[in-house]
Amino acid sequence: MRTAVTAGVEPAERPFLAGVEPAERPILTGIATTAWSTYLLPALGLDARGRAVANASFAVGVAALSRTSAAELGLRNFAAGLKWGAAASAVPVLGSAVVAAIPALRRRVRPSEDELAEWVLFRIPVGTVLTEELLFRGVLDAASPALSPIFFGLWHIHPARAAGDTVVGTVVATAAAGVVFSWLRARSGSVLAPALLHYFLNASGAVLAHLAADDRS
């Protein structure tokens, strides 16, 4: 009988989901990410810092189990990624500066009392950017660039509910953002490009929310 050993492959070296058709792997991965963000993570009852750590741990685990190579994850071409990411990041930074400078626009921003330093120095880079770029622009883009933005949108179902936002609107908007992030990943050849845009988009929003809270205090 031919075994994994006699075929030249040790059982421990077999890739995750080895018995699953390649076309099915991104679907199963996407189902896993949606289940994690929508049901499993909320059920843990963690605070914001704990959720960031849990999210990052989940993403690293999925990437490791997928056996996706560093090149396939986009962990390369950092010079091009820096160039494209810096250029793209200028858009949310400048846009936020305009909003912050115009009181009528700043008053329309939803305020937040969260500690700004922890938000922009830990929760966004670790719990959001590292997690989501590794999962979606890394693992899922490598497996199916077409499905990656869809599952990125579905990842935001629970955050939309928690914030009191429309779920459908949030899923559509974040899926559209996922298309842009995936395009940057493909165009630059590096996950650094969408990671930079993702960070500065969220960090700019956090700063605006903090300013809005100050205006109301």
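A: Starting with charge, the chain carries 18 positive and 16 negative side chains, with the centres of the two sets 5 Å apart; Lys and Arg count as positive and Asp and Glu as negative, while His and the chain ends are not counted. Each charge is placed at NZ of Lys, CZ of Arg, CG of Asp or CD of Glu. Keep in mind that this is a predicted model, where local features need pLDDT of at least 70, side-chain atom pairs count only at pLDDT 80 or more, and totals for chains, interfaces and linings use all residues. Residues are numbered from 1 along each chain as its sequence is written, and side-chain values use heavy atoms, leaving out hydrogens and water.

As for the build, you'll find nine helices and zero strands, helices being DSSP runs of H or I with at least four residues and strands runs of E with at least two, numbered from the N terminus.

Now zoom in on E118, which sits in helix α5 (residues 116-143). E118 counts as buried because its relative accessibility is 18% (buried is under 20% relative accessible area, exposed over 50%, partly exposed in between, with a 1.4 Å probe and protein chains only). Its side chain makes a 2.7 Å polar contact with that of R49; that term takes N or O atoms within 3.5 Å, and within protein one must be able to donate a hydrogen and the other to accept it, with residues adjacent in sequence counting only if both atoms are side-chain atoms. Setting aside neighbours within four places in sequence, E118 is in contact (heavy atoms within 4.5 Å) with R49 and R123.
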